[in-house]
Amino acid sequence: MKRTTLLTVVCFLLLPAAWAGGVLTNANQSAQYIRMLSRNASTDIDAVYFNPAGLIKMEDGWHFAFYSQTIFQNKTVDSQFPLLNDGLYEGEVTIPVFPTAFAVYKKNDWAFSFGLGPNSGGGTADFDRGLASFEIPISKVVPALAGLKQLDPALDVQGYNADLSFEGSSVFWGIQLGATYKVNEVLSVYGGLRYLPSTNDYSGTIRNIQVNVGGNMTPAAAFLTQTSGMLSVKSDQLAGAAQGLQPLIDNGAGSFTLDQLEQNGYIDATQRTQIEGGLMSLGYSQEQIDVLNVNQAQTGFSQTSAVLAGTATSLGEKAGDLEDKEVDTKQKGTGFTPMIGVNISPIENLNIAVRYEMKTTLKLTNETEVDDLGLFPDGAESRSDIPAVLALGVGYKAKDWLEAQLSYSRYFDDQVGWGHNVRDLAIWKDVDPTKIRNREIDHNYWELALGLQFNLSDKFAVSVGGMRSNAGIAPSWQSDFGFSNPSHTGAFGISWKLADRLTLDAGFSNTFYEDQEVTFTDPDLPDYNDIYKKTTTNVAVGLSYSIF
């Protein structure tokens, strides 16, 4: 297990987790969204994000809104790699507060808007057992050391143990400014810019790696160091034995057996016993020893000495890889997202909206405190671009008591590079780099949602919503460090007008993800599968207030 192999499995390439939206983008930007799931044609205060061209429909004056969401997400990785002690890894992502805020000033044909919220990420993922990609290289220590038993039965390595953990958090804040202009009674347009100060925090440890030797758990690094020293000594002894036979060969006795050597006075009985003992330590039987000549015995000693010397060197190098490791780093950067929008109202009570967010070029710079693994050099830069988004919406007020919105969003994930598959990096980097796959997109991520609002009175409404999402990613994209599953989401909630200018919105949504089974190859074992599972629950509440 070379250092680079073990190090790459601790490369926390977890993408900022999207709770609703594309692979990277958080679309859950309001309580109205959580209670309906379809807001692309909104003309309320949350149109700042979902349909900024529709803000012209608001009344003249100031409008403010603040929302907070509490999000729970469980991620499960069930790896069927056969050498793992336990292939089930469970991670928890908890966001107690996921805040968003909007402000609008509307006057005649103009509306100016401000938005603030986590455009990507916003949570902390905690895997207290690490992940399969951490543990697979460690699990291979056992078969890699199987040959030690042939050298000495006391060196039989039967199992392993390790304390693995990592925690990754990410938040890309979106600070948005824009202006909406009313062209005529049917058409309004919007232009804006989102500024994204972005931070990833990664910390992880690999500690207390142990191997089971003869039924006893012992620190792996210490065992390898001790065994390396022992084999080095034995290698020197065998080299000495080989060298000790050279005078006999020089004297023309290279073809003699040990019995012939003794009978002809080249060695005495004690010397013969010593040579036989050395050969027996190499695994030769007495019958084999009886027919060996001196040349063959010397070759046996020399070859085994060389093997032991190489093994001793290899174990000494591996010992350093199995010591405790730690990573503590931040990645920071900023990006800008230009945005445009159009809102069309061809007839009363019908609203058609289009929003397009351009690709965000984002470069992150490492600020590293500890990097025992050499993965995050302080000051090094990496790209984390955010794909462009096209959002379409249709809103219709069918009755005084019924409003409906249909939304479609497409995230152009194929416009950005997603890097290498992390599991492939962990397994193939030092074996065959050509086997490392790029994370690929089969088709762009899309969402289709329908939301219904039932106005029970002038002050109180209930709503429901449903959404289907399809990530469109290829199997090469998936690994335990980052996976995206097709899903269905259901939602419900309320809107309660507490006063003429104050409204409370609250919602609940639950996302049901389809399990994804992915096949991986390995240089040492048959192909195996990982199964990725996920669930997300979201509770949101918010207040909006207007000053006319």
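This is a predicted model: local features need pLDDT of at least 70, side-chain atom pairs count only at pLDDT 80 or more; totals for chains, interfaces and linings use all residues.
1. Start with the nonpolar surface patch, about 870 Å² in area. Its members are Trp62, Phe64, Tyr105, Trp110, Phe112, Tyr181, Val183, Val189, Tyr545 and Ile547. Strands β1 (61-79), β3 (110-127) and β18 (528-547) each give two or more residues to the patch. Tyr181 sits in strand β4 (residues 157-182). Tyr181 has 32% relative accessibility, so it counts as partly exposed.

2. Helix α4 (residues 132-139) is mostly covered. Eight of its eight residues are buried. Among them are Phe134, Glu135, Ile136 and Pro137.

3. The model holds 18 aromatic pairs. One of them joins Tyr195 and Phe336, with 5.2 Å centre to centre and 40° between the planes, a tilted pair. Tyr195 is in strand β5 (residues 187-213) and Phe336 in strand β7 (residues 325-344), 141 residues apart. Tyr195 is partly exposed at 32% relative accessible area. Phe336 is also partly exposed, at 46%.

4. Phe256 and Tyr266 pair edge-to-face, because their planes lie at 85° with the ring centres 5.6 Å apart. Phe256 is in the loop between α8 (246-250) and α9 (258-263), while Tyr266 is in the loop between α9 and α10 (269-281). The two are 10 residues apart. Phe256 is partly exposed at 21% relative accessibility, and Tyr266 is partly exposed at 33%.

5. Arg439 places its charged end over the ring of Trp477, 3.9 Å from the ring centre.

Note on methods. Residues are numbered from 1 along each chain as its sequence is written. Side-chain values use heavy atoms; hydrogens and water are left out. Patches are made of residues with over 30% relative accessible area and no salt bridge: like charges are joined within 9 Å, nonpolar side chains (Val, Leu, Ile, Met, Phe, Trp, Tyr) within 5 Å. Accessible areas come from the Shrake-Rupley method with a 1.4 Å probe; for residues, only the protein chains shown count as cover. A salt bridge is a side-chain nitrogen of Lys or Arg within 4 Å of a carboxyl oxygen of Asp or Glu. Helices (H or I, at least four residues) and strands (E, at least two) are DSSP runs, numbered from the N terminus. Buried means under 20% relative accessible area, exposed over 50%, partly exposed in between (1.4 Å probe, protein chains only). Rings of Phe, Tyr and Trp (its six-membered ring) pair if their centres lie within 6.5 Å; planes under 30 degrees apart count as stacked, over 60 as edge-to-face and the rest as tilted. A charge sits over a ring if NZ of Lys or CZ of Arg is within 6 Å of the ring centre and within 35 degrees of the ring normal.
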